[in-house]
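Subject: Structure handover

Hi,

Here is the structure I said I would pass on. Please open it alongside this email, and my notes follow below.

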Amino acid sequence: MDIDVRGPRFGAAVTSVVLAVVLITGNVWLLAWQTLAFALGAAGGVARSPYGWVFRTAVRPRLGPPTAFEAPEPPRFAQAVGLVFAALGLVGYALGPQWLGMAATAAALAAAFLNAMFGYCLGCEMYLLVRRAVVRAE
């Protein structure tokens, strides 16, 4: 079942704020929360992530009906990519080196910001490239 495109963009906006605060403060607990949010989104899809729940229950009812939909697989893959970067950031901030935490968090922030502001999902594009490569290899 396709999903409302506004949901992943809302999640990306919240993620951008969270990751920016992590970069400013170095708060490992906030990054741990974001890592969990990515894990839930990767495991259950963006609609089942905490930010997806907020969008579905608090934001979407206040908006008009959706005009565009997308397949759930690319955003779910993007959540998995975000999970990898957030986990690397968590390792860097918690165990060192700190530059790893900052670099991985900044990379995740850049991707989330692109999606939130411009609707360009890097993880979704990666999913499509991998899928095309697999189809060609068959």
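A disulfide here means a pair of cysteine sulfur atoms within 2.5 Å. Cys121 and Cys124 are joined by one, with an S to S distance of 2.4 Å. Please keep in mind that this is a predicted model.

**The disulfide**

The structure holds 1 disulfide. The torsion about the S-S bond of Cys121 and Cys124 is about 70°, so the disulfide is right-handed. Are its two cysteines buried or exposed? The cut-off for buried is under 20% relative accessible area. Cys121 has 13% relative accessibility, so this residue counts as buried. Cys124 has a relative accessible area of 9% and is buried too.

**The fold**

The secondary structure comes to 6 helices and 2 strands. In what pattern do they follow each other along the sequence? The chain reads β-α-α-α-β-α-α-α.

**Overall dimensions**

The chain has 138 residues, and a compact globule with that number would have a radius of gyration near 14 Å. The chain has 15 Å, which agrees. Along its principal axes, the C-alpha trace spans about 45 × 45 × 25 Å.

**Contacts and burial**

Residues 24 or more positions apart account for 71% of them. Of the 138 residues, 35% count as buried.

Find Thr105. It sits in helix H5, which covers residues 98–118. Its relative accessibility is 1%, so Thr105 counts as buried. What does Thr105 touch, leaving aside its neighbours within four places in sequence? Its contacts are Leu19, Val22, Leu23, Leu31, Gly89 and Tyr93.

**Surface and charge**

The chain exposes about 8,000 Å². Carbon and sulfur atoms supply 70% of that area. As for charge, there are 10 positive and 6 negative side chains. The centres of the two sets lie 6 Å apart.

**To find your way around**

Start at the disulfide between Cys121 and Cys124. Then go to helix H5 and pick out Thr105. From Thr105, trace its contacts, including Leu19, Gly89 and Tyr93.

Best wishes

How values were computed
Residues numbered from 1 in each chain as written. Predicted model: local features only at pLDDT ≥ 70, side-chain atom pairs only at ≥ 80, totals over all residues. Heavy atoms only, no water. Helix = DSSP H or I, 4+ residues; strand = E, 2+ residues; numbered from the N terminus. Rg over C-alpha atoms; globule rule 2.2 N^0.38 Å. Buried < 20%, exposed > 50% of the residue type's maximum accessible area, 1.4 Å probe, protein only. Contact = heavy atoms within 4.5 Å. Areas by Shrake-Rupley, 256 points an atom, 1.4 Å probe, with all protein chains shown as cover. Lys, Arg positive; Asp, Glu negative; His and termini not counted. Charge placed at Lys NZ, Arg CZ, Asp CG, Glu CD.
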